[in-house]
Amino acid sequence: MSEVLRAKEPADLTTYEAVVRSFGYGYRLNSEEHAAVRAALEQAVRKSPDSSDAWAMLAMSYIEEYSNRFNPRPDPVVWLSQGRALLS
């Protein structure tokens, strides 16, 4: 299923599809896949702020950003601000 969803742009995924796509990330650990999954999940929590699954997988993508240095953002404190901003 996640293979089919990889053909779609991250912004075009539903919340459920973004979560399913994020499950496939574990099989393709690379910075390109990480960037797409993170973008899809950030969009998903904007669309559905009550989706605990989307928030959980987004948190995992932030952990990967730190632990594997995939697409690191310049300041970790900014991550917290961006997380809060997603709810606005």
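**Helix packing around α3 and α4**

Q: At what angle do helix α3 and helix α4 pack?
A: In this predicted model, local features need pLDDT of at least 70 and side-chain atom pairs count only at pLDDT 80 or more, while totals for chains, interfaces and linings use all residues. Residues are numbered from 1 along each chain as its sequence is written, and side-chain values use heavy atoms, with hydrogens and water left out. Helices are DSSP runs of H or I with at least four residues, numbered from the N terminus, and axes are lines fitted to C-alpha atoms over the stretch in contact, with angles from 0 to 180 degrees between N-to-C directions. Helix α3 (residues 31-47) and helix α4 (residues 52-67) have axes 9 Å apart and pack at an angle of about 145°.

Q: How many nonpolar residues does the contact of α3 with α4 have?
A: Residues of α3 including Leu41 and Val45 meet residues of α4, among them Trp55 and Leu58 (contact: heavy atoms within 4.5 Å). Ala, Val, Leu, Ile, Met, Phe, Trp, Tyr, Cys and Pro count as nonpolar, Asp, Glu, Lys and Arg as charged, and the others, Gly among them, as polar. By these classes the contact of α3 with α4 has two polar residues, four charged residues and, as the number asked for, eight nonpolar residues.

Q: What distance separates the end C-alpha atoms of α3?
A: The expected span of a helix is 1.5 Å times one less than its number of residues. For the 17 residues of α3 this gives 24 Å, which agrees with the separation of its end C-alpha atoms, 24 Å.

Q: Is Arg21 buried or exposed?
A: Arg21 lies in helix α2 (residues 15-24), and its side chain joins that of Glu33 in a polar contact of 3.4 Å. A polar contact is a pair of N or O atoms within 3.5 Å; within protein, one must be able to donate a hydrogen and the other to accept it, and residues adjacent in sequence count only if both atoms are side-chain atoms. Buried means under 20% relative accessible area and exposed over 50%, with partly exposed in between (1.4 Å probe, protein chains only). Because its relative accessibility is 4%, Arg21 counts as buried.

Q: Which residues of α4 meet α2?
A: The helices α2 and α4 pack at an angle of about 35°, with their axes 9 Å apart. From α2, the contact involves Thr15, Val19, Ser22 and Phe23; their partners in α4 are Asp53, Ala54 and Met57.

Key
Helix = DSSP H or I, 4+ residues; strand = E, 2+ residues; numbered from the N terminus.
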